[in-house]
Amino acid sequence: MHKLSFSKALQTCKSGEEIPFHIESADKKVCLDGSLSHSKTHPELLKLQGILKGAIALICDRSGEEYEKSLNESLRFYLSDGIVHLDCEHFEEIYECLSGVIDFNEILDNELEMIRCDYHIKE
């Protein structure tokens, strides 16, 4: 399962079920395991909880050397069906599913790119 209809997932989760998922990066070095559930506090959103595990190649910002960093990071954010306009600026992270489809490959790729964009120093 790489893609899932947002509306079908929301209906399934509203009935009390969780939707488990497992996705691997193209190079098979990183995986994201987790589940989708209904957000009781924000009924139009889905809650994604998961663990990002594996290893990612990074460039040390100090030496310029490439190195591999182990990942074991918890992820928790919300998914919306389209663009969300919220009044509260302290709301947790929201991933907008613009096509009405939850694309787990895209979510994984975006999370890895966010890690790559951080400042890194080889230990």
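**Figure 1. Accessible surface and overall architecture of the predicted chain.** The chain exposes about 7700 Å², of which carbon and sulfur atoms supply 47%. The model shown here and in the following views is predicted. Buried residues make up 37% of the 123 residues in the chain. The secondary structure comprises 2 helices and 7 strands, arranged from the N terminus on as β-α-β-β-β-β-β-β-α. Along its principal axes, the C-alpha trace spans about 50 × 35 × 20 Å. Among contacts between residues at least 6 apart in sequence, 50% join residues at least 24 apart.

**Figure 2. The two sides of helix H1 (residues 6-14).** The buried residues of helix H1 are Phe6, Ala9, Leu10 and Cys13. These residues lie on the same side of H1, because the arc that they cover around the axis is only 100°. Lys8 and Gln11, on the other side of H1, are exposed. Just after H1, Gly16 takes a positive phi of about 100°.

**Figure 3. Salt bridge between Lys3 and Asp103.** Side chains of opposite charge can pair when their charged atoms come close. In the chain, the count comes to 5 salt bridges. One of them is formed by Lys3 and Asp103, with the closest N and O atoms 4.0 Å apart. This pair links distant parts of the chain, since Lys3 belongs to strand E1 (residues 3-5) and Asp103 to strand E7 (residues 101-103), 100 residues apart. Lys3 counts as exposed, because its relative accessibility is 56%. Asp103, by contrast, has a relative accessibility of 17% and therefore counts as buried.

**Figure 4. Salt bridge between Glu68 and Lys29.** The closest N and O atoms of Glu68 and Lys29 are 3.5 Å apart, and the two residues form a salt bridge. The pair links distant parts of the chain: Glu68 is in strand E5 (residues 66-81), whereas Lys29 is in the loop between strand E2 (19-24) and strand E3 (30-38), 39 residues apart. Lys29 is partly exposed, with a relative accessible area of 44%.

Figure 5. Lys28 is found in the loop between E2 and E3. Most residues other than glycine have a negative phi. Lys28 is not a glycine, yet has a positive phi of about 65°. Its relative accessible area is 60%, so Lys28 is exposed.

Figure 6. Arg116 forms a salt bridge with Glu113, the closest N and O atoms lying 3.5 Å apart. Because Arg116 and Glu113 are 3 residues apart in helix H2, about one helical turn separates them. Arg116 is partly exposed, with a relative accessible area of 40%. Glu113 likewise counts as partly exposed, at 40% relative accessibility.

Figure 7. His120 lies in the segment after helix H2 (104-117). With a relative accessible area of 7%, which falls under the 20% limit, His120 is buried. The side chain of His120 reaches the backbone oxygen of Asp118 at 3.3 Å. Residues up to four places away in sequence not being counted, His120 touches Leu58, Ile59, Cys60, Asp61, Arg62, Tyr67 and Ile115.

How values were computed: Residues numbered from 1 in each chain as written. Predicted model: local features only at pLDDT ≥ 70, side-chain atom pairs only at ≥ 80, totals over all residues. Heavy atoms only, no water. Helix = DSSP H or I, 4+ residues; strand = E, 2+ residues; numbered from the N terminus. Buried < 20%, exposed > 50% of the residue type's maximum accessible area, 1.4 Å probe, protein only. Polar contact = N/O pair within 3.5 Å; in protein donor to acceptor, adjacent residues only side chain to side chain. Contact = heavy atoms within 4.5 Å. Arc of directions from axis to C-beta. Salt bridge = Lys/Arg side-chain N within 4 Å of Asp/Glu carboxyl O. Areas by Shrake-Rupley, 256 points an atom, 1.4 Å probe, with all protein chains shown as cover.
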